[in-house]
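The stops below are intended to be followed in order.

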Amino acid sequence: MDESLSHADISSDSGRRRGGWITFPFIIGALGGLTLAAGGWISNLIVFLIEEFNVNSIDAAQISNVVYGSVCFFPIIGAIIADSFFGSFYVISISSCISLLGIVLLVLTATLNSLKPQPCATGSKLCQPTSALQYAVFYTGITLASLGLGGTRYTLATLGANQFDKPKHQASFFNWFFFTLYSSIVVALTVIVYVEDNLSFKWGFGLCVIANLIGMAIFFSGSRFYKFDKPQGSPFVGFGRVIVASVRKTSLQLSTERKNYYYGHDGVTNKVAAATLSKSFRFLNRAAQKIEGDVKSDGSIAKPWSLCTTQQVEDFKTVLRIFPLWSTALFLATPIAIQSSMSVLQALTMDRHIGPHFKLPSSSVIVIVLFSTSMFLTLIDRFLCPMWQKITGELPSPLQRVGVGHVLTILSMAVSAVMESKRLKIVQEHHLQDQPGTIVPMSIFWLFPQLVLVGIGDAFHFPGQVALFYQEFPMSLRSTSTAMISLIIGFAYYVSTGVVNMVQRVTGWLPNNLNNGKLDNVYWMLAVLGVINFGYYLLCAKLYRYQNVKGADGSPDPDS
């Protein structure tokens, strides 16, 4: 990671008028500030809802899951807008301002008594109801802050990578990007969350405002050095065109002659490159079949929503082929999302003291996941993958890495169930079932094994999925391929909300007072569902054939 920042590299890139390593400190500095600001308010949202808005614990976890899901969806919207209309710089500029406005509203909510309900004892039913105005201001702030976060985080990655022409420098930038991203989240989960828990939320959110302003100042300071790329159009628009065009031509009989299909404006060259349309999902081939009026005299498309290139059709087919594997990742991420929010609720009921003077904020337990993921990413890259290569003669494939992640996640759910059973046993021994808010005499360290396991699992399956999507998606969709993980996480948080709602309606496992519930049964249920999903994954992996790169036995060829 360091060697790409050598003097020679900096000199060669920064000698140009725009772009290169001279932009690096501005983009990374902006990322650090904006991520610190976002992490400061979103990481402790569950506790804020419980303590400041008198929201029931399970409802607070549900709201948090919806917010996290939205934050993962919004980057896709930001990417489409950046690619299709305004470019990365302007989307980041506008989004950072929106983020600042949202966090300012959160500061006002935490500061002004008129914008939040009067506090009540934990678990008490005699609480002052929250007014419509208080909810409106709070949710407006959450929405704006989420939109701002979605429009900046991954768009900054795109803008940063666009500053470099050499793949080596782009790879180095991504290493530093994710290092800064994780580091900023860890600082937010520790420092800012600690301020919120031990001083007040207004001071914690105030630090978020300052971090947002610093990030914006750093970002705009580098505007004279940035290389601006013109919007190229979003691949999602191309997907929509394929669907619409194929539906419009439903009655059209498919032609077997290549000359009847549209290969692009440069017909001869593109016909060779695109080759013949595949036989899978043949009904979509109509989108590229020409009829009268589809093509102008100069060879360009006359009706964009009636005709597509063969490459656009094949790109869409690639996404459809990989969808089953993508769906297994969704059901893998859903238990992780549930465990994340429930771990915070468990931590609120446990002894969080580390030593005689320090009390760990409940939301900071998620730092354990980040630490274990970061550590094992290094171990996997430096030790496990080379060891596997020595034993088998080849590097582990993306599908194999994802499979290991499935197993570790299932183990994490089982360990979570055992640990919660132990916590509930202590609750019963001390007769704390009907005493909501009472701290159970059990150290928060008991939560660490399950969080370490899920973190190790993340180190296997998330990079494995990114590698799989990046490898298998066509060149025109490489940017979209890395965004698929964001979609998975976003869907997972929404699905987790639905699962928890269903459990609440059907069972009595998740009351507002966890001490009187059966959260261990929920974890066992997730473990069983994880086993079923793992079987589904093995079936999909066995049937899947690599589209772009193949080696022996269908595995990726490391030399390609």
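**A strand pair**

Begin by selecting Met350, which stands opposite Val440 in β4. The model is a predicted one. Then display the side chains of strand β4, residues 440–443. Val440 and Met442 make up its covered face, whereas Pro441 and Ser443 lie on the uncovered one.

**The largest nonpolar core**

Next, select Trp41, Leu156, Met342 and Leu510; these have the most contacts inside the largest nonpolar core, a set of 94 residues. Helix α2 (residues 24–42) provides the largest share of this core, with 11 residues.

Centre the view on Trp41. Which residues is Trp41 in contact with, leaving aside its neighbours within four places in sequence? They are Val67, Ile103, Leu106, Ile142, Ala145, Ser146, Glu196, Phe205 and Cys208.

Another core, of 38 residues, lies apart from the largest one.

**A nonpolar patch on the surface**

In soluble globular proteins, nonpolar side chains tend to be buried together. For the last stop, switch to a surface display and select Ile77, Ile81, Phe85, Phe86, Tyr90 and Ile94. These residues form a nonpolar patch on the surface, and their accessible area together is about 630 Å². Colour α4 (57–86) and α5 (88–111), each of which supplies at least two residues of the patch. The largest share, 4 residues, comes from α4, the helix in which Phe86 is found.

Definitions and conventions
Residues are numbered from 1 along each chain as its sequence is written. This is a predicted model: local features need pLDDT of at least 70, side-chain atom pairs count only at pLDDT 80 or more; totals for chains, interfaces and linings use all residues. Side-chain values use heavy atoms; hydrogens and water are left out. Patches are made of residues with over 30% relative accessible area and no salt bridge: like charges are joined within 9 Å, nonpolar side chains (Val, Leu, Ile, Met, Phe, Trp, Tyr) within 5 Å. Accessible areas come from the Shrake-Rupley method with a 1.4 Å probe; for residues, only the protein chains shown count as cover. A salt bridge is a side-chain nitrogen of Lys or Arg within 4 Å of a carboxyl oxygen of Asp or Glu. Buried means under 20% relative accessible area, exposed over 50%, partly exposed in between (1.4 Å probe, protein chains only). Two strands pair if DSSP finds at least two bridges between them. A nonpolar core is a set of buried Ala, Val, Leu, Ile, Met, Phe, Trp, Tyr and Cys residues joined through side-chain atoms within 4.5 Å. Contact means heavy atoms within 4.5 Å.
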